[in-house]
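This report describes one protein chain, from its overall make-up to selected residues. The sequence and the structure come before the text.

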Amino acid sequence: MSESKPVGGNEAAGQFLGAAIALLQRVREEEAEHIAAAGALLAGTAADGGRLFAFGAGHSSLAAQDVVYRAGGLALMNLLSVPGAVGVDVMPATLGSALERVAGLAGAVLDTSPAQPGDALVVVSLSGRNSLPVEMAMNARALGLKVVGVTSLAYARETRSRHVSGTFLKDHCDVVVDTKIRVGDAELTADGIGAPFGPASTVVAGAVMQAIVAAAAAELAARGIDPPMLRSGNVDGGHDWNGRVLAEYGDRVFFRH
């Protein structure tokens, strides 16, 4: 975290971008093996006819949503949604945070979802300490899904779990990618600003999710399978291309229903 001192707007913006770039470089250097393993897990699931899901609560949902129905993305990625906990669209917004701590909610969501044994789920959670992401991973594995966790391991070292088991998301995953985000998710401090600021978790988690999908696409291609990628609807022929892809893989795409 940068030293606290008065800064101008341009300097603060530059400091934040520098901090985000440094985090992305750390992830690239230190998590490459785990990202590749996560991509291989998704590719293997897809090659075997399984379905792919992503989940995140609150702001962590942004990274999960970014790989669903995405130009340049894998058509097989589906959002596993928990009403009231996806993003900050619920009123009051604090209700979403409260729902993350409700025991039993993840099980109810999974039981009524299309997920089934042989599928794969990516759980995005900055802290990995709340009941919802922990139970989502636990229950998914109990149902026979493979689970990838995208989380900051600093929280597991420096905070306590809020789940009755005392465990974190990382403890219930087949592959874990560490986002390297510090506890508190704020990269900057400055005189005149009472709290740390400049959260970078969305930038990093979003990049990690796209890297995992890119790795999955490359792994599918290496297996001789043309991965079902979506094109932008803002380029000529994009809608027709996507229509063909979604028709071919419609039994594994749930965001159209």
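## Basis

The model is predicted: local features need pLDDT of at least 70, side-chain atom pairs count only at pLDDT 80 or more, and totals for chains, interfaces and linings use all residues. Residues are numbered from 1 along each chain as its sequence is written, and side-chain values use heavy atoms, with hydrogens and water left out.

## Overall make-up

The protein contains nine helices and seven strands. These elements are DSSP runs numbered from the N terminus, with helices being H or I runs of at least four residues and strands being E runs of at least two.

Of the 257 residues, 49% are buried. Buried means under 20% relative accessible area, exposed means over 50%, and partly exposed lies in between (1.4 Å probe, protein chains only). Contact means heavy atoms within 4.5 Å. Among contacts between residues at least 6 apart in sequence, 77% join residues at least 24 apart.

Helix H2 covers residues 32-47, and its 16 residues should span 22 Å at 1.5 Å a residue; the end C-alpha atoms are 22 Å apart, which agrees. The expected span is 1.5 Å times one less than the number of residues. Buried positions in H2 are Ile35, Ala38, Gly39, Leu41, Leu42, Ala43, Gly44, Thr45 and Ala46. Gly49, which follows H2, has a positive phi near 90°.

Helix H8 consists of residues 201-222. Its 22 residues should span 32 Å at 1.5 Å a residue, and the 31 Å between its end C-alpha atoms agrees with this. The buried residues of H8 are Ser201, Val204, Ala205, Gly206, Val208, Met209, Ile212, Val213, Ala216, Ala217 and Leu220. Just after H8, Gly224 has a positive phi of about 85°.

## Nonpolar cores

In soluble globular proteins, nonpolar side chains tend to be buried together. A nonpolar core is here a set of buried Ala, Val, Leu, Ile, Met, Phe, Trp, Tyr and Cys residues joined through side-chain atoms within 4.5 Å. The largest such core has 46 residues, and those with the most contacts inside it are Leu42, Leu52, Leu74, Met77, Val124, Met209 and Ile212. Helix H8 supplies the largest share of this core, nine residues.

Not counting residues up to four places away in sequence, Ile212 touches Ile35, Ala38, Gly39, Leu42, Val148, Val150 and Val177. A second, separate core has 21 residues, including Ala115, Ala140, Leu145 and Leu169.

## Salt bridges

Side chains of opposite charge can pair when their charged atoms come close. A salt bridge requires a side-chain nitrogen of Lys or Arg within 4 Å of a carboxyl oxygen of Asp or Glu. The whole structure has ten of them. One joins Glu30 and Lys180, with an N to O distance of 2.9 Å. This pair links distant parts of the chain, 150 residues apart: Glu30 is in helix H1 (residues 9-30), and Lys180 is in the loop between strand S5 (175-178) and strand S6 (188-190). Glu30 is partly exposed at 40% relative accessibility, whereas Lys180 is buried at 13%.

Another salt bridge pairs Arg182 with Glu187, the closest N and O atoms being 3.5 Å apart. Arg182 is partly exposed at 30% relative accessibility, and Glu187 is buried at 7%. Salt bridges that share partners join Arg26, Glu30, Glu31, Asp178 and Lys180 into one network. Asp171 and Lys170 form a further salt bridge, with closest N and O atoms 2.7 Å apart. Asp171 is partly exposed at 35% relative accessibility, as is Lys170 at 32%.

His163 lies in the loop between helix H7 (153-158) and S5, and counts as buried because its relative accessibility is 8%. The side chains of His163 and Ser165 are joined by a polar contact of 2.7 Å. Such a contact is a pair of N or O atoms within 3.5 Å; within protein, one must be able to donate a hydrogen and the other to accept it, and residues adjacent in sequence count only if both atoms are side-chain atoms. Leaving aside neighbours within four places in sequence, His163 is in contact with Arg129, Ser131, Val134, Glu135 and Met138.

Asn242 is in helix H9 (residues 238-248) and is buried at 8% relative accessibility. Beyond its neighbours within four places in sequence, Asn242 is in contact with Leu230 and Arg231.
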